[in-house]
Amino acid sequence: MQIASIGFLVGVLICQHLAALPALYWLLISCVVIPVIVQFPKLRLLSFALLGFLYAAFVAHEKIADQFDPTLEGIDLLLSGVVASLPNVNANRTQFQLDVLSIEKLNSVEPAIDLNAGFGADAPMFRILLSWYRPEQQVHVGERWQFVVRLKRPRGFTNPGGFDYEAWLFQQDIVAKGYVVQRQGTKKLNRYVQQDISVYYALHRSREYLRDQLRLLMNGSYYSGFVIALTVGDRQGLTPEHWNVLTRTGTNHLMAISGLHIGLIAGLMYFAGARIWRYIPGAIHRLPAPKAGAALALLAAFGYAALAGFAIPTQRAFVMVAVVMSMIWLQREMAPSRTLSIALIAVLVFDPMAAINAGFWLSFCAVAVILYAMAGRLPNTGFWWKWGRVQWVITVGLAPVLIFVFQNVPIVSPLANFIAVPWVSMVTIPLSLLGSVLAVTFPGLAASILQLAELSLAVLWPLLSALSGFDVLQWAVDTPPSWAIIPAVIGILWLLAPKGLPARWLGLVWLAPLIYATKTPLPYGVVQFTLLDVGQGLAAVIQTQHHVLVYDTGPRFSQHFDTGSAVIVPFLKTKGINTIDVLILSHDDLDHTGGYESINERVMVDKVLATQAVKTVERRWEWCRRGLQWHWDGVIFRVIHPNDGYKAMKDNNYSCVLQIVTRQGSVLLTGDIEQLVENRLLQTANQSGQSLQAQVLVVPHHGSTSSSSESFLQAVRPKYALFSVGYRNRYGLPKNEIVERYRNSGAKLFDTSSSGAISFTMGDTVNLTPVSYRQENQRYWHQ
């Protein structure tokens, strides 16, 4: 079974890394091969790998077949549907998932098209993620609404180290995103949909009602967000400050209802159910106590997973619990490794895309490491020593996974989890669940119990906050090369082996490539330029042999989300960059400065240059003015606009224009300058004799008609013109006439919405070649 599970996992992983799926007829032909090769025992691993690949591919084909019609993008659509998720509400926006029941085009001169063909009258056609800005009414799960919307296919930021948002949406079966158009046509069709296709809407209505009741009883206290996260799985109440403490102490898993929580409840119910069953007269003659306990455990795990909305981590945890309890029910004595293998296959059958989730690897690796390091050892110490060893084993065993995925290992994690896990598991969670059960029928008693749950968190939280404050206990490393995983596994197995194995410390030697495998530094005189994909905004990172410059920080979308934390910091982590020598904020527009605060909190910034007083910059900064020039590792950095004392009517024209000069050519970053500044640059260049010619040009103002004059293009003569734009952005940038102007000039055009992050290495190569991160890392679910 172990070989089967490994082979099946390998096959699924190969499928999930494909840029495009094989045609269905090739998959069907391949099915014939499996019965042949399974006859050969030595090819058993290969046969299960092929089986895993084919299964994942067929599931992926089925999901892709339901994707959104691109001809419906960007036009007004009248649709009706049922609210399918707990609404995410903030000051200006309500966001929720909607199961679409009917849809039609508005203002179309084309003949009417039956867009609902093939679907039942009340069957959802597909699911979308909808935003309603400044809503006039509240929406609730299960309500049927009519909206006028504009939709587009999912598109996330695509950058090294970044989160694959498109994969997440694909896994959630969300085929489009969009927003409600503020116009007539929005109305509630009824309070709740009358005929539910399943119990799905009823379940989530209950969750929403319970969440609102808990909020009312706890009256918005500081720890109410934790209690709600631990009961109904809604983590909207947790702030970035909360997540920062949890992440830095390695305890963030406590706020996700997953294997730890569901396994705890299942374990408690198993032992309690089996014990109580023995005291019921005649019960054990009808059903053995272990079976009764397993049935109760499975029911409790199902109930807790339902309370959490059957989110993907809870689905995975429930499947694992179901496998274990099934073995008990069937009275099958099975090695823990065999049970783990069955659970692994079951999870992958349930959701093949689970294999690309970090939580999947952390869950299974944690269990595997505990079984390897703890099972079959002589019990020579008490419970607390064993519990401490478990935390140590998990920290050491999961270090390679954490380094590959997050480039960070909280060294304080064993101590923090040694205290937090039993406290939250044995005190906070039982109190929270008990309070939730009583919240509707006995609100007064529930309020008192919930206060005790909050008190338990109030006791724990100061300790976690204190531990998170020690920067020395945060072990950050560069992203290791992929081959380092093999010696890392050998090192972990050696290091955690039984005491009888001599020289276990040699496991540290095998871990060395994971820690010390360094990337080759850039040669002297070479610059690596990366225009990051930040949507409708701008951010670029420039690296020389020993220095780093960040030009603009992208947009901020809300109080809790900006491209500084979502894009730039993860990119810097993958490059092993801990210090920014110079950060330039070209001008005070939110799509250029929105990520600054997040960067400043997470990365050391030596110097900030700006042309205006930026509201988010509270530290000292220096003026970005023409004449400012410096040399880094044989590369020249030159500011050519604005002049000292320059005054402009528009913020855009204050943009700091940076020229980067190497032996091979130059890069020109122009911010949002308009034609007025372009003309000034031409005039100044003519007077000074300094050329504006650039191999790589970041197109001014994202390709707006206010910029990129013919005379400017003739002076710059770019070989590559880069547009930093968001997919189907509301401004319609870049404008078609500007695109044509650059194309006619002979420049090769790239944009971040279709290419993702765009990188150039300049200074030592004859051929200047762009690298598109989206193309290099294409997956079949990407558009």
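**Exercise 1.** Work out what share of the chain's contacts between residues at least 6 apart in sequence join residues at least 24 apart.

*Solution.* Begin with the term itself, since a contact means heavy atoms within 4.5 Å. Among contacts in the chain between residues at least 6 apart in sequence, those that join residues at least 24 apart come to 69%. The model is a predicted one, in which local features need pLDDT of at least 70 and side-chain atom pairs count only at pLDDT 80 or more, while totals for chains, interfaces and linings use all residues. Residues are numbered from 1 along each chain as its sequence is written, and side-chain values use heavy atoms, with hydrogens and water left out.

**Exercise 2.** Find how many residues helix α13 has, and which of them are buried.

*Solution.* Helices here are DSSP runs of H or I with at least four residues, numbered from the N terminus. Helix α13 covers residues 336-350, which is 15 residues. As for burial (under 20% relative accessible area, with exposed over 50% and partly exposed in between, using a 1.4 Å probe and protein chains only), the buried residues of α13 are Thr339, Leu340, Ser341, Ala343, Leu344, Ile345, Val347 and Leu348.

**Exercise 3.** Decide whether phenylalanine 350 is buried or exposed, and state which residues it touches.

*Solution.* First, phenylalanine 350 is placed in helix α13. Next, its relative accessibility is 51%, and therefore phenylalanine 350 counts as exposed.

Technical notes
Helix = DSSP H or I, 4+ residues; strand = E, 2+ residues; numbered from the N terminus. Expected span 1.5 Å × (residues − 1).
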